[in-house]
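Here are my notes on the fold, in numbered points. Please read them with the model open.

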Amino acid sequence: MTYVIHGATGAQGAPVVAALAAAGQSVTALTRHADVVVAGAKRVMAADYGSSAELTEAYRGADGVFVHLPVVSEEDRQAYARNIVAAVRVARPARVVFSSSGAPIDPETGGAAAALVGGLAETGVSPAAITPAFYLENLLMPYVLDTVRERGALPYPIRADFPVSWASHLDIADAVVALFDRPDITGVVSVGQYPAITGPDLAAAFGAHFGKDVVFEQITPEQFRSSVAPLIGEGPAADVAGAYAAMSTLPDRSITPGNSVQKLLGITPRTTGQWLTDVGL
């Protein structure tokens with residue numbers, strides 16, 4: 001079995017490569033440069049999201065493809081979504097698993113992630129869309145982690161009473177590997193902790209792990225934007241801040257148990273404490 005993994009050196013792709021390699025599967029790693037060494041990959045290919053021809057060549061003959069859209073402008077994401085769908089339609093891999101990375105996939109909401117999910121469903125290839133809410137890895141950003149360590153506060157742009165089904169990139173990798181083995185499971189698959197937890201719950205888990213008192217600190221989307229802009233760029237940071245501002249009117253960001261990995265795949269995502277241990281903090 002051969003699996004093609006987008007962003008194989010990145011935050012989402014690298015754990016998928018590692019999990020597949022640990023399971024003895026053959027992995028083709030897609031990167032921007034073919035001379036990159038990817039641990040666990042049998043083959044490394046350079047493939048540009050902007051070229052449907054390159055993607056078609058990469059996908060041809062694959063038993064599965066894992067794809068997610070990079071954090072770039074929405075215009076570019078829309079173009080990448082069209083190219084991915086066009087390549088899948090021609091190359092006909094046996095299975096495609098897409099991670100929304102927390103972006104909305106409701107066609108009424110619109111956006112590149114929604115367009116990609118809709119387009120993949122029309123290709124005739126077996127598709128599954130993994131839909132995490134928030135990534136625990138967001139809490140590894142220096143602004144967040146340094147504040148936890150220096151003054152015992154966990155800052156994040158959500159209300160203290162806002163429950164979230166947090167998931168890690170390691171949980172996504174577990175779901176991808178399982179979904180490659182289950183092409184009968186199609187459509188939306190939710191990944192995240194259930195029941196959802198609040199900011200103070202999150203802070204308590206950090207406190208227990210680090211052996212100190214940690215309190216949750218609500219910050220504004222604008223404060224968050226300024227903290228992440230040096231890492232991801234001003235444009236994407238503004239988009240992220242806008243998403244958090246819009247989210248402030250919602251009651252929660254909890255997964256739906258009926259289409260969760262817990263129910264569909266028998267996988268239980270990591271607790272915050274387990275994740276902190278697994279990432280070596």
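1. Helix α3 has 18 residues and spans 25 Å from its first C-alpha to its last. That is close to the 26 Å expected at 1.5 Å a residue; the expected span is 1.5 Å times one less than the number of residues. Helices (H or I, at least four residues) and strands (E, at least two) are DSSP runs, numbered from the N terminus. Just after α3, arginine 92 takes a positive phi of about 55°.

2. The model is predicted: local features need pLDDT of at least 70, side-chain atom pairs count only at pLDDT 80 or more, and totals for chains, interfaces and linings use all residues. Residues are numbered from 1 along each chain as its sequence is written, and side-chain values use heavy atoms, with hydrogens and water left out.

3. Which residues of α3 are buried? They are Arg77, Tyr80, Ala81, Asn83, Ile84, Val85, Ala87, Val88 and Ala91. Buried means under 20% relative accessible area, exposed over 50%, partly exposed in between (1.4 Å probe, protein chains only). The buried residues of α3 pack against α2 (52-59), β4, β5 (95-99) and α4. Contact here means heavy atoms within 4.5 Å.

4. The axes of α3 (residues 74-91) and α4 (residues 112-121) come within 9 Å and cross at roughly 10°. Axes are lines fitted to C-alpha atoms, for helices over the stretch in contact, and angles run from 0 to 180 degrees between N-to-C directions. The two helices, α3 and α4, are therefore roughly parallel (angles under 35 degrees). On the α3 side, the contact includes Glu74, Ala81 and Val88. On the α4 side, it includes Ala112, Leu116 and Gly119. The residues of the α3 contact with α4 divide into 8 nonpolar, 2 polar and 3 charged. Ala, Val, Leu, Ile, Met, Phe, Trp, Tyr, Cys and Pro count as nonpolar, Asp, Glu, Lys and Arg as charged, and the others, Gly among them, as polar.

5. The sheet is open, with 7 strands in the order β3-β2-β1-β4-β5-β6-β10 and parallel pairing. Two strands pair if DSSP finds at least two bridges between them. The edge strands, β3 (43-46) and β10 (187-191), each pair on one side only. The twist averages 20° from one strand to the next. Helix α1 (residues 13-22) packs on the sheet and touches β1 (2-5), β2 and β4 (64-68). The direction of α1 makes about 165° with that of β1.

6. Strand β6 (residues 126-132) runs parallel to β10, joined by 5 bridges. Proline 132 stands opposite valine 191 in β10.

7. Serine 26 lies in strand β2 (residues 26-31). Is serine 26 buried or exposed? Serine 26 counts as buried, at 19% relative accessibility. Leaving out residues up to four places away in sequence, serine 26 touches Met1, Thr2, Tyr3 and Lys42.

How values were computed
Angles under 35 degrees count as roughly parallel, over 145 as roughly antiparallel, 65 to 115 as roughly perpendicular and the rest as oblique.
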